[in-house]
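Please walk me through this structure in the viewer, one selection at a time. Tell me what to pick and what is found there.

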Amino acid sequence: MSVSLERGIQTLKEHIDAPVASFFTTCVHCGMCADACLFYTETKDPKYTPIYKLKPLRRLWHQEYTFWGKLAAKLGFSKPLTAEELKEWEPLVYDSCTMCGRCSMTCPVGNDIVYMIRKMREGMVAAGFAPEGLKSATERAITIGSPMGVKFPALKNQIKHVEADIGLKIPVDVRGAEYMALLSSMEIMNFPEYIGAIAKIFDQADIRWTLASDAFEATNSGIQIGSSDLAAELVERVVAAAERLKVNYVISPECGHAYTALRWEGPNLIGRPYPFKVIHILELLDQLRSQDKLPVTGKIKERLTFHDPCQIVRRGGVIEEPRRLLEMVAEDFAEMEDHGIMNWCCGGGGGVSTNERAATLKLTAFNRKRHQLEALGVNTLVTVCANCRITLEEGLEFNNMDVAVLGLAETLAEHLAEQSPAPTTTQTH
Amino acid sequence: MTSTEWLIWVRGPGLQLSLGIFILGMTYRIMQTYFLGRAKNLAEPRGSQWLHGMKTIWWRSFFHPGMTIRGYFTIISGYTFHLGFIITLLFLDQHIELFRSWTGLSWPALPPIVITITAVLGIAALVAVLVDRFADPVRYLLSDYQDYLCWVLTVLPLVTGLLLVYKMWLPYTSLLVVHIISFEILLVAIPFTKLSHVFTIFIARWYNGAIAGYKGVQS
């Protein structure tokens with residue numbers, strides 16, 4: 001057995017905890033999770049059944065923790081996990097799983113399948129099996145500070161443009177600010193209007209905030225590839241900057257997995273609670289709304305819908321906030337049939353969009369969203385995750401669909417009233 | 001040993017032995033799972049783990065939104081054979097008599113025709129599940145030897161019991177021995193096979209609900 005395989009198997013063993021054991025013990029192989037996974041529903045290939053993607057981990061659990069498994073191992077009948085098997089499973093664990101967690105919501109016996117996929121990835125990467133795209137993104141995140149290779153000078157340049165556009169100064173490295181905002185590289189490079197949007201809203205609401213020049217990146221390739229060590233290092237950078245600037249809150253940007261990384265995994269990755277609170281930008285905007293500090297004027301007349309980013313909504317718990325915010329500026333907000341905690345993923349989460357090998361499969365999986373949008377007949381789609389946004393735009397373009405994708409923060413900023421709330425006159429967006 | 005001597009053994013020491021293995025085995029299985037533990041969550045919670053866990057135990061017992069034909073079939077056939085088995089086990093007058101002789105507790109039995117119906121429905125649902133396991137490419141791919149073994153172990157007490165009621169196949173005493181042994185094998189197998197899901201389902205559902213509930217999501 002090679003050293004890396006041994007390390008991978010050891011890592012997998014260490015990740016078998018009480019929930020994992022109870023899930024595998026309880027699974028009755030009913031296959032209902034298949035119908036919850038867009039990779040199965042859009043291909044009808046049984047290998048994309050979520051619980052099947054965990055077969056190597058299940059085999060290891062069986063060998064280590066069951067009567068028959070242990071007996072077979074003692075008698076020499078047990079077939080140990082091999083590098084070939086892990087290699088064969090790599091595309092199932094990475095390419096065909098966005099870690100959206102929809103399967104975990106539908107399993108009749110209660111298996112949290114994505115909880116186990118997250119653990120399975122730890123073993124896979126420890127054994128050396130992970131997609132090249134994710135490996136290089138993680139390497140860039142560690143060495144450069146961003147999975148897309150964005151350094152502070154690039155952000156500074158974008159900030160200059162944004163400041164010129166909105167006529168406001170973007171605060172950087174302000175000690176003692178109340179909030180430290182984070183960004184995703186995708187927002188910096190593809191959707192810099194997000195920076196301008198929050199700057200305008202915060203200025204109006206009199207929020208004391210700042211960016212950190214040494215920790216502006218919120219995304220965390222470490223949790224996508226499944227390396228807790230690397231994920232912890234990325235979280236530590238944010239924590240160090242927040243401590244240096246003595247902020248009370250760190251604002252997670254619209255990006256979905258960044259929220260999971262910062263809010264839910266972060267303290268566990270670094271092994272201690274934060275000395276600050278993590279708040280999602282939507283939670284903060286919704287607080288401002290409830291305090292009448294987010295006055296808007298006019299509403300979008302066209303029918304529109306909202307795409308729930310899985311890591312913010314189903315896996316993050318920020319469910320009603322985007323809806324309350326969207327209602328402020330949308331005259332005809334229609335929900336897709338499956339929405340909220342039962343939404344369908346865009347197809348690009350969990351590192352799939354970073355994984356070039358999965359590009360074709362990702363577009364096939366997008367058909368689920370296409371059907372949802374066609375059923376609703378909308379031409380405007382609002383979302384709150386830069387990665388979802390780029391995946392949706394790709395899918396829409398590929399399918400020649402005339403649907404505009406908007407970011408919620410920018411949409412709110414566009415409707416921001418100067419002083420007090422304006423009367424609800426309608427205007428075309 | 002004559003069939004009568006066998007009957008004495010299976011109703012006495014055999015049953016005690018199988019019950020003992022069942023109780024000790026299941027206790028070990030649950031303890032083994034529990035003591036694997038899980039890391040303390042250091043993130044600030046948004047919701048109650050306990051409450052959401054309990055709610056998930058309850059809500060996963062029903063149909064849920066977005067369910068497909070596979071889902072409806074699974075839930076309906078699952079309930080049919082589980083209820084068919086449990087009603088037959090608990091409400092046949094001979095079974096109640098056996099419970100009464102051990103514990104002194106008894107309750108009204110259901111008429112034999114009702115029990116026949118529950119047993120037949122249970123067997124029919126099990127047959128449907130087995131056919132589907134071969135016919136559905138997803139289930140076929142997922143299935144391993146335990147799925148088929150557990151199916152046999154579950155259907156045998158129902159089939160032998162039905163034959164017993166209608167006095168078919170073997171002489172009564174011999175068939176009664178086979179029937180009781182089939183149940184005892186099932187009892188012994190529960191802790192050592194995936195049949196243990198009859199207990200661990202509550203643990204799995206609770207963890208699922210607790211993990212999501214910590215983040216303020218009802219799963």
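The stops below go through a predicted model.

**Domains of chain A**

Start by colouring chain A by domain: domain 1 covers 3-130, domain 2 covers 134-288 and domain 3 covers 291-414. Next, show domain 1 and domain 3 of chain A together. Their centres, taken over C-alpha atoms, are 30 Å apart. Across the boundary, 27 residues of domain 1 of chain A are in contact with 24 residues of domain 3 of chain A.

**The largest nonpolar core**

Select Phe24(A), Ile51(A), Leu54(A), Leu57(A) and Met116(A). These are the residues with the most contacts inside the largest nonpolar core, which has 74 residues. The core takes at least three residues from each of domain 1 (3-130) and domain 3 (291-414) of chain A.

Centre the view on Met116(A). Setting aside residues up to four places away in sequence, Met116(A) touches Val20(A), Phe23(A), Phe24(A), Ile51(A), Leu54(A) and Leu57(A). A second, separate core has 60 residues, and Tyr179(A), Ile188(A), Leu325(A) and Leu326(A) are included in it.

**The second largest pocket**

Which residues lie nearest the centre of the second largest pocket? Select Tyr115(A), Arg118(A), Lys119(A), Glu265(A) and Asn268(A): of the 33 lining residues, these five lie nearest the centre. The space in this pocket is about 970 Å³.

To see where the lining comes from, show α8, α13 (221-225) and α15 (256-270) of chain A, then α9 (197-214) of chain B; these elements give two or more residues each. The largest share, six residues, is from α15(A). Coloured by residue class, the lining of the second largest pocket splits into eleven nonpolar, twelve polar and ten charged residues.

**The loop between α6 and α7 of chain A**

Move to Thr98(A), in the loop between α6 (83-95) and α7 (102-106) of chain A. Is Thr98(A) buried or exposed? Its relative accessible area is 4%, so Thr98(A) is buried.

Met99(A) is not a glycine, yet its phi is positive, at about 55°. With a relative accessible area of 9%, Met99(A) is buried.

Pick Ala205(A), which is found in helix α12 of chain A. Ala205(A) counts as buried because its relative accessibility is 6%, under the 20% limit. Leaving aside neighbours within four places in sequence, Ala205(A) is in contact with Leu288(A) and Lys293(A). For a distance check, draw a line between the C-alpha atoms of Ala205(A) and His371(A): they are 166 residues apart along the chain and separated by 39 Å.

Select Asp206(A), in the loop between α12 (193-205) and β2 (209-210) of chain A. Phi of Asp206(A) is positive, near 60°, in a residue other than glycine. Asp206(A) is exposed, with a relative accessible area of 68%, whereas Ala205(A) is buried at 6%.

**The loop between α20 and β8**

Go to Asn399(A), found in the loop between α20 (386-398) and β8 (404-407) of chain A. Asn399(A) is partly exposed, at 22% relative accessibility. Show Phe366(A), Asn367(A) and Arg370(A), which Asn399(A) touches when residues up to four places away in sequence are not counted. Then select Leu363(A): its C-alpha atom is 9.1 Å from that of Asn399(A), and the two are 36 residues apart along the chain.

**Chain B**

Chain B has nine helices and zero strands. Along its principal axes, the C-alpha trace of chain B spans about 65 × 35 × 35 Å. Of the 219 residues in chain B, 44% are buried. Among contacts in chain B with a separation of 6 or more, 70% are between residues 24 or more positions apart. To end, bring chain A back and select α9 (197-214) of chain B, one of the elements giving two or more residues to the lining of the second largest pocket.

How values were computed. Residues numbered from 1 in each chain as written. Chains lettered and ligands numbered in written order. Predicted model: local features only at pLDDT ≥ 70, side-chain atom pairs only at ≥ 80, totals over all residues. Heavy atoms only, no water. Core = buried A, V, L, I, M, F, W, Y, C linked by side-chain atoms within 4.5 Å. Buried < 20%, exposed > 50% of the residue type's maximum accessible area, 1.4 Å probe, protein only. Domains from an automatic or database assignment. Contact = heavy atoms within 4.5 Å. 1 Å grid on protein atoms, 1.4 Å probe; cavity = no way out; pocket = protein on both sides within 12 Å on 5 of 7 lines; lining within 4 Å. Points joined across faces, edges and corners; volume = space filled by probe spheres on them. Helix = DSSP H or I, 4+ residues; strand = E, 2+ residues; numbered from the N terminus. Nonpolar A, V, L, I, M, F, W, Y, C, P; charged D, E, K, R; others polar.
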